[in-house]
Each structure stands twice: as structure tokens, then as C-alpha cells.
Amino acid sequence: MIDSGQRDRAGRRVTLRPVDDDNWRAVADVAPRDDQRTFVPALAARYLVLTMRSDVWTSLAVFADETVVGHVMWGVDDDASRWIGGMVIDAAEQDRGIGRAAVKTLTDWLAKAGQPIRLSYHPDNTPAATLYTSLGFHPTGAMEDDELIAEFTPA
């Protein structure tokens, strides 16, 4: 379990845990709001399949206390940088600070390696840009497919 003491606005502890036999179905069923499907798949199941078929990405379940509320994945690139990707917070759990807590928790954990942490988001995804900028990620000017790359440099 990855726990940096982050809480959502309701006071629930937000932790990241391996996807396992007990929680994978709940993670697979995580679905964003309809208006977010331009930026993420309709279900987190797509990310689970990707991580099962990839040597780069690792899926994590996002928990609020003991309830699965989302999915996020991370990986290590050839240059040793860490990447955050595939974050989906369930529509019913949004606007409670869970996404912020999940990114902060994962960033704190990945920063221990001392390597840059990167993520990407679509230029039209203003909420993502606002969230990531507020957590210390800065656009690099580079693109990955049709997404902007942002980077966090550990202190």
C-alpha cells in the first residue's frame, strides 16, 4: 500500500494499492463522467488490460478508506524517468479531492527515486492541467501523441 497521509474532502484516507484478486472487478468498473470520455476510456478496465499486456505500466487501485474509487498507473521510461498515466476517478466520487490526493500520493512515492516524474494530458483538458500545475508539474513543451507532457522535478 502507498499511503502519504492524503485525505479527500470528506476526511477519508486516500491510498494506492496493488490491483489484486479482491479488488480488480471494482477497479475495472470505475467509470468517469460522460463529458470526460474524450480524454479517458469509458471504463478503467481498458487500463487494466494495458498493464497486463505491458512490461512498462503498473496499475494501482485508488481507495478512499476501504472503498475502490479509482485507478492510476505508473511506469519507468528508458531514461529512468517515472510516468503517471491512466488516472480515472469514478464519476460518483469526483469533486471530493480524490484525484488530487491520488496524484500527490503517487508523486511523493515516485519522487523517492530522485528522477523526473512525467505525465501527459490533452490540451483541452483544463481541469487536468489545473490540477497538475497546482501539484508542481510544469509543461515541457513536448508532446506525446496529441497530449502535452508535464514534468515534476523532485527536490
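Which residues does Val-19 touch, not counting residues up to four places away in sequence? Select Val-19 together with Trp-24, Val-27, Leu-48, Ser-59, Leu-60 and Ala-61, the residues in contact with it beyond that sequence limit; contact means heavy atoms within 4.5 Å.

This is a predicted model, in which local features need pLDDT of at least 70 and side-chain atom pairs count only at pLDDT 80 or more, while totals for chains, interfaces and linings use all residues. Residues are numbered from 1 along each chain as its sequence is written, and side-chain values use heavy atoms, with hydrogens and water left out.

Stay on Val-19, in the loop between β1 (14-18) and α1 (24-28). Its relative accessible area is 27%, which makes Val-19 partly exposed (buried is under 20%, exposed over 50%, partly exposed in between, with a 1.4 Å probe and protein chains only). Draw the C-alpha to C-alpha distance to Leu-48: 8.7 Å, across 29 residues of sequence.

Next, select Asp-65, in the loop between β2 (57-64) and β3. Its phi is near 55°, a positive value in a residue other than glycine. Asp-65 is partly exposed, at 38% relative accessibility.

Move on to Asp-95, in the loop between β4 and α3 (98-111). Asp-95 is not a glycine either, yet has a positive phi of about 65°. With a relative accessible area of 66%, Asp-95 is exposed.

Finish at Asp-78, in the loop between β3 (67-76) and β4 (82-89). Asp-78 is exposed, with a relative accessible area of 83%.

Note on methods:
Helices (H or I, at least four residues) and strands (E, at least two) are DSSP runs, numbered from the N terminus.
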